[in-house]
Amino acid sequence: MPKKVIEIHGLTKIYTMGEVEVRALAGVDLLVDEGEFLAVMGPSGSGKSTLMNILGCLDRPTAGTYLLDGVDVSKLNRDERAVIRNAKIGFVFQSFNLLSRTSAAENVELPLIYGDLGWSRQKRRKAAMEALRRVGLQGREHSHSSQLSGGQQQRVAIARALVTEPAMLLADEPTGNLDSRTSEEIMGIFQSLNEGGKTVVLITHEPDIAQHARRVVTVRDGLIQHDEKVQQRRVDTRGIAPPVPPVAAEATP
Amino acid sequence: MKSSLLRISNITFVGLRAIARNKMRSFLTALGIIIGVGCVIAVVAIGNGATKSVEATINSLGTNYIMLFPGAATSSGARMFTGNSTLTADDADAIKAECPAVAYVAPTVRATAQIVAGELNWGTSIQGVSVDYPLIRSWNVSDGTFFTDQDVKSASKVCVLGTTVADNLFPDGQAVGQIVRIKNVPFKVDGVLEKKGGNMMGQDQDDTVIAPYTTVMKRLSGKTKIDMLQISAVSADQVQEAMNEIDGVLRQRHRIPPKGDPDFQMRSQEEIAQAQTQQTGILRMLLLCIAGISLLVGGIGIMNIMLVSVTERTREIGIRMAIGAKGRHVLLQFLFEAVTLAIVGGALGIAAGIGASLAVKYFLQWPIVVTPTSVALSFGVAAFVGIFFGYYPARKAAKLDPIDALRYE
């Protein structure tokens with residue numbers, strides 16, 4: 001029995017807009033094993049974004065339970081959720097969301113600064129360098145975001161997500177701002193990280209991109225409509241080194 | 001503990017970098033504080049210098065100095081000095097003869113006139129005094145001699161010039177022995193006084209002519225009464241006793257009962273100094289209020305820019321929160337930024353204030369005194385302003401919702 005990374009039961013989210021109640025999630029159940037590569041699909045308005053916010057511990061469900069890596073995170077307050085995000089989730093966003101005028105290595109170091117790890121500057125820097133190497137960015141560690149291409153920026157973001165060795169990578173439309181060739185490259189990185197044992201949850205509305213995952217769930221009207229294995233998986237490892245094992249250093253205390 | 005210190009240092013660094021990125025804006029933001037602190041430092045330095053100098057001037061009167069004016073001290077009813085002096089030269093003689101605690105008495109009368117020497121002329125004040133005057137003021141002649149008691153008794157037409165007058169009337173420096181005309185009366189110049197310099201009330205003490213009071217009364221002012229007595233007690237600790245004795249003698253001579261309002265008033269050097277200190281104290285409070293207001297305005301400037309900065313960096317705040325920054329991390333980051341702005345502004349302000357004080361000293365020859373207290377105080381106030389006005393924007397940043405912040409364009 002593989003360990004469960006995500007265990008969701010009866011997840012409900014209701015937004016109150018004045019008098020009107022909007023039911024964004026209407027009782028979602030979802031189980032994700034360690035080492036899975038899951039794509040969440042769905043049109044806009046389907047509740048996909050709400051699910052992503054709750055999965056990412058950015059928001060709390062109105063009802064239902066959410067166990068992330070065995071921890072019930074559905075009742076945590078702001079600061080507790082910040083700690084969980086730091087330790088257990090690696091975010092990759094559509095618009096990269098790197099700090100401007102900050103070098104790649106410094107961007108990657110940032111989660112380590114906020115984590116209560118007590119690491120020395122040297123140790124943080126070493127971990128950041130290692131994470132950048134894993135996404136194939138050695139040699140660009142000191143480049144600022146503005147000096148990097150979109151694909152390279154997204155690689156920095158992936159390195160930043162990796163550096164704390166989180167329980168899962170949560171990628172929200174990671175290829176939305178990239179051309180198709182670069183998109184393939186980025187998906188290749190996710191695939192190779194997944195080969196190395198990382199759990200990856202990918203939020204996307206593009207079927208092509210979702211085909212890189214091993215399992216696809218489709219959300220519609222606040223419920224999971226389909227949950228199926230990917231039959232013809234697209235594998236893309238163009239320009240990527242063979243799967244890299246995780247860093248030897250233990251990132252989590 | 002170690003890790004939280006480490007984190008604080010990291011967050012400080014983050015804040016500092018934001019300042020370095022927006023150099024011009026950071027400088028303009030800090031400018032309010034720079035000006036505020038600079039004003040405080042300069043005002044206090046100049047104020048302290050003025051106080052010191054006034055103190056020095058008053059102390060130069062000597063600690064046993066007493067002034068005696070005609071007229072009533074402000075008292076119940078509306079009795080004020082009407083201009084009719086009741087003091088006479090005989091009062092002065094009586095005080096000197098009958099008061100053992102009194103060392104010297106100089107009756108003083110004042111006049112102003114245009115003084116002519118050859119083709120040059122100079123308008124100044126003329127003080128008629130007795131031979132005790134240089135002893136009371138410890139002010140000697142640097143050239144020639146002071147006039148004698150005989151000159152006073154016979155109302156001789158002799159005088160002693162202050163250096164300013166001597167320089168203006170006799171540019172070649174040969175004043176002693178020359179004749180000057182005051183209101184067409186020829187006076188022989190017996191001597192020139194030592195240079196005393198200006199006092200802090202802006203008066204040039206050397207711009208004066210000293211003559212026997214008898215001569216001034218008779219030849220120049222036509223007054224029969226004395227304007228003021230300048231008195232010296234035997235020693236500093238006998239000042240009060242001397243004042244009591246003088247009070248007794250004058251009441252007797254002017255037939256004023258012990259409980260009645262006297263027709264004269266006395267001021268010791270100590271009282272003059274106190275009054276003066278009070279005056280400069282009020283002035284300084286006023287200036288410090290102005291400086292305080294400019295610091296307040298500076299603080300509002302910091303708050304304003306910090307609010308703009310928080311809005312501008314909403315997305316950055318969202319990113320930081322998404323990857324694990326707690327509310328207080330964000331709060332500290334922005335608070336450190338504001339405090340750093342204020343402290344750097346404060347440091348620059350101190351430098352600017354000292355610079356301005358030195359410029360004032362150099363160009364206006366005003367004395368200045370920069371005290372470590374004022375430097376420490378304004379630095380502390382600057383830091384406080386940073387915390388006070390930085391807190392609100394920082395809290396606003398810390399309370400942002402990460403989802404909204406990430407979506408912010």
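1. Starting with the packing: the largest nonpolar core in this predicted model runs to 124 residues. The residues with the most contacts inside that core are Val40(A), Ala159(A), Leu202(A) and Ala338(B). Its top contributor is helix α2 of chain B (residues 23-60), which puts in 13 residues.

2. As background, nonpolar side chains in soluble globular proteins tend to be buried together.

3. What does Val40(A) touch once neighbours within four places in sequence are left aside? Lys48(A) and Leu51(A) are on the list, along with the run Val201(A), Leu202(A) and Ile203(A), plus Val217(A) and Val219(A). Leu202(A), one of those partners, is itself among the residues with the most contacts inside the largest core.

4. On to the contact between the chains: chain A brings 21 residues and chain B brings 18. On the chain B side, at least two residues each come from α1 (2-21), α10 (314-322), α11 (327-364) and α13 (402-407). α1(B) has the largest share of that side, with six residues. By type, the chain B side splits into eight nonpolar residues, five polar and five charged.

5. Last, the domains. Chain B is assigned a domain 1 made of two segments, 2-57 and 275-407, and a domain 2 covering 72-262. How many Å lie between the centres of domain 1 and domain 2 of chain B, taken over C-alpha atoms? The separation comes out at 54 Å.

Technical notes: Residues are numbered from 1 along each chain as its sequence is written. Chains are lettered from A and ligands numbered from 1 in the order in which they are written. This is a predicted model: local features need pLDDT of at least 70, side-chain atom pairs count only at pLDDT 80 or more; totals for chains, interfaces and linings use all residues. A nonpolar core is a set of buried Ala, Val, Leu, Ile, Met, Phe, Trp, Tyr and Cys residues joined through C-beta atoms within 7 Å. A residue is buried if 20 or more other C-beta atoms lie within 10 Å of its own, exposed if 12 or fewer, and partly exposed in between; C-beta atoms are placed from the backbone. Helices (H or I, at least four residues) and strands (E, at least two) are DSSP runs, numbered from the N terminus. Two residues are in contact if their C-beta atoms, placed from the backbone, lie within 7 Å. Ala, Val, Leu, Ile, Met, Phe, Trp, Tyr, Cys and Pro count as nonpolar, Asp, Glu, Lys and Arg as charged, and the others, Gly among them, as polar. Domain bounds come from an automatic or database domain assignment.
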